[in-house]
Amino acid sequence: MIRLLSYIYPITKKVESKYNGTLEITWHNGKKHLNSKNANYSYGSLQEILKFGLQKIDLKNCENILILGLGGGSVIETLLKDFNYINNITALEIDPVIIDIAKDEFNLLENKNLKIICDDALNFMKHNKSLFDLIIIDLFIDTEVPDSFLSTSFWKDIIRSNSDKGHILFNASLKENIDTKLSGIISLLEDNHYQTTILERVNGTNTLLIASQSNERNRL
Ligand SMILES: C[S@@+](CC[C@H](N)C(=O)[O-])C[C@H]1O[C@@H](n2cnc3c(N)ncnc32)[C@H](O)[C@@H]1O
């Protein structure tokens, strides 16, 4: 019923969160979305943006994917449904309210292939000892990527946690003015034998950075 009504007008439920402020779960044109005050978090344009990035990555040899920023879990839906991904996914999320939304509103189920961890991505990466073949970095608070996720120390932890034939997909910004910080990250990646590609204004808004290991490298 709600789905049908949503073709006539959007139906929204609001949920308060300590980390993300007022979150909105909205039915619109038969589909449910998760939005923050000023940004689509999951199952809308964000899902299309990450899908576009994933199309540029060879997922054939990816056995372990790490997602930093679970949100409502739309990139997991994309991996499973559009890319038929059947291997392991670990998803990190700082906000327990968001994890509940992903489970209760978007039917995300933990199972032997999907592990959800409630932690700050910065802290998790600092202590992580596992290797991941693909790391998807989709960390926003509303429209902002927190500064710490543009820092060299965070990116050194990312590189250390990426396998030798690994890939990184970074949803870098909704803004066009993070060029200086992004060029520092690109230099660090290239110094560590990654080939990098920047995709600008994906879906008219976001900048994506894709990095793939080109050959052997010295671990940081
Ligand atoms: C755009 S949403 C992620 C959408 C998700 N990737 C998807 O496919 O539906 C950004 C998420 O980053 C999370 N986040 C922000 N800062 C974080 C941090 N320090 N550690 C872990 N998660 C964080 C937010 O709570 C939010 O859920």
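Two residues are in contact when heavy atoms lie within 4.5 Å. Helices (H or I, at least four residues) and strands (E, at least two) are DSSP runs, numbered from the N terminus. The model is predicted: local features need pLDDT of at least 70, side-chain atom pairs count only at pLDDT 80 or more, and totals for chains, interfaces and linings use all residues. Residues are numbered from 1 along each chain as its sequence is written, and side-chain values use heavy atoms, with hydrogens and water left out.

**Stop 1: helix α7**

Select residues 179-191, helix α7. The expected span is 1.5 Å times one less than the number of residues. For these 13 residues that gives 18 Å, and the end C-alpha atoms are 18 Å apart, which agrees.

Just after α7, stop at histidine 193, which has a positive phi of about 65°.

**Stop 2: an aromatic cluster**

Select Phe149, Phe154, Trp155 and Phe170, a cluster linked by ring pairs. Rings of Phe, Tyr and Trp (its six-membered ring) pair if their centres lie within 6.5 Å; planes under 30 degrees apart are stacked, over 60 edge-to-face, and the rest tilted. The count by this rule is four aromatic pairs. Phenylalanine 149 and phenylalanine 154 are edge-to-face, 4.9 Å centre to centre with 70° between the planes. Phenylalanine 154 and tryptophan 155 have ring centres 6.1 Å apart and planes at 90°, so this pair is edge-to-face.

Which side chains here are buried? Phenylalanine 149 is, at 6% relative accessibility. Phenylalanine 154 is too, at 1%. Tryptophan 155 is buried at 0%.

**Stop 3: leucine 66**

Move to strand β5 (residues 64-68) and pick leucine 66. Leucine 66 is buried, at 0% relative accessible area. Not counting residues up to four places away in sequence, its contacts include Thr90, Leu92, Phe124 and Ile136.

**Stop 4: charges over rings**

A charge sits over a ring if NZ of Lys or CZ of Arg is within 6 Å of the ring centre and within 35 degrees of the ring normal. Select lysine 32 and phenylalanine 106: the charged end is 5.5 Å from the ring centre. Then take lysine 56 over phenylalanine 52, at 4.4 Å.

Note on methods:
Buried < 20%, exposed > 50% of the residue type's maximum accessible area, 1.4 Å probe, protein only.
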